[in-house]
Amino acid sequence: MKILVLPGDGIGPEITRATLEVLRAADAALSLGLEFETREIGLAALATHGTTLPPEVLTRIPEVDGVILGPVSHYEYPPRERGGINPSSELRVRFELYANIRPCRSRPAFSILRKPMDLVIVRENTEGFYSDRNMYAGSGEFMPDADSAFSIRKITARGSARIARAAFLLARGRRRKVTAVHKANVVKLSDGLFLREVRKVAQEFPDVELEELIVDATAALLIRTPERFDVIVTTNMFGDILSDEASELSGSLGLGGSINAGDAGCVAQAQHGSAPDIAGRNIANPTSLILSAAMLLDWRGQRCADPKLAAAATLVERAVEQVLENPRTRTRDIGGSLDTDAFADAVIGVLRQKKTYP
């Protein structure tokens, strides 16, 4: 399996380094044949190439089996015309990585919930209110005068149907329930279209229950009754907000894995940002990117029917969980004392004890 590694900005290089060390240990344990190729993006690439996303990186992505993308500081980038391309959104749109999949499972040592959470949020990734990905040309935001700003929300039948299908397929392998989250009582046309397509897809899955909930009610129920949810499917911005809420409720934004998947490609990406204030200090928690990389292995294993990759994903996830269970082997942000590299070493230590299939 060939993996393109894009370390990104801020803490990106540090947590990416830790993640690769864990993957190499998994490779050694199960003989996966992993190959890594690293390319610069972000502010480093801007300084050397005049763009945060060099064309050769985009050319290379379809040629590999998966991508690991570190956090990026796109808020600090110059305008697009001066090379400031947001790699995260550009990859999602260009390669039709329409499904942002974020599992949220509460851990007793970290969760603030009264009842356990075990759900997956399936977020549409390529349209919605995000102005950098919903127009053929130009931006989805504009100001006709100095005191008026407008933002266009794009919802399409194609985009809604394919994200709904991804959610139902996922639910079929879990507890067989999909919750479609919307605000159709206010944005009647766009969310009405989204719900229309979700209902159509639901007819293909009579064995999966469909529930429809308004987004503000969902935000409250994630706190009150998290156990009611299995798979949540929703539009881009709602999914972004709800997945951050669910991650924090279940433990921490730094503890959740995330992939951006399409029909032909997958990018592993931590749920959190680049945290430039702690960059270079080797204290960042690499858990999110490690778990995201494990999800990438599982995605590839399912796609090419390779049981070793799926087994490696499970091994990495279990090793991370075992390390997190011990207060002495946690990173500082969650009450421990380990730095980035030491946490990775702890995970690797567990992996080396488990050299058979789960």
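Reply: The nonpolar core

The largest nonpolar core has 77 residues, of which I68, L297 and L351 touch the most other members; such a core is a set of buried Ala, Val, Leu, Ile, Met, Phe, Trp, Tyr and Cys residues joined through side-chain atoms within 4.5 Å, where buried means under 20% relative accessible area (1.4 Å probe, protein chains only). Helix α10 (residues 307-325) gives this core its largest share, 10 residues. The model is predicted, so local features need pLDDT of at least 70 and side-chain atom pairs count only at pLDDT 80 or more, whereas totals for chains, interfaces and linings use all residues. Residues are numbered from 1 along each chain as its sequence is written, and side-chain values use heavy atoms, with hydrogens and water left out.

Leaving aside residues up to four places away in sequence, L351 touches V22, A25, A26, L315, V316 and A319, contact meaning heavy atoms within 4.5 Å.

Helices (H or I, at least four residues) and strands (E, at least two) are DSSP runs, numbered from the N terminus. Helix α9 (residues 287-303) lies across β1 (2-6), β3 (66-69), β4, β11 (259-261) and β12 (266-269), and runs at about 160° to β12; axes are lines fitted to C-alpha atoms, for helices over the stretch in contact, and angles run from 0 to 180 degrees between N-to-C directions.

The open sheet, mixed in its pairing, has 10 strands in the order β2-β1-β3-β12-β11-β4-β5-β10-β8-β9, and two strands pair if DSSP finds at least two bridges between them. Because β2 (35-38) and β9 (209-214) stand at the edges with a single partner strand each, one side of each has no neighbour in the sheet.

Conventions:
Buried means under 20% relative accessible area, exposed over 50%, partly exposed in between (1.4 Å probe, protein chains only).
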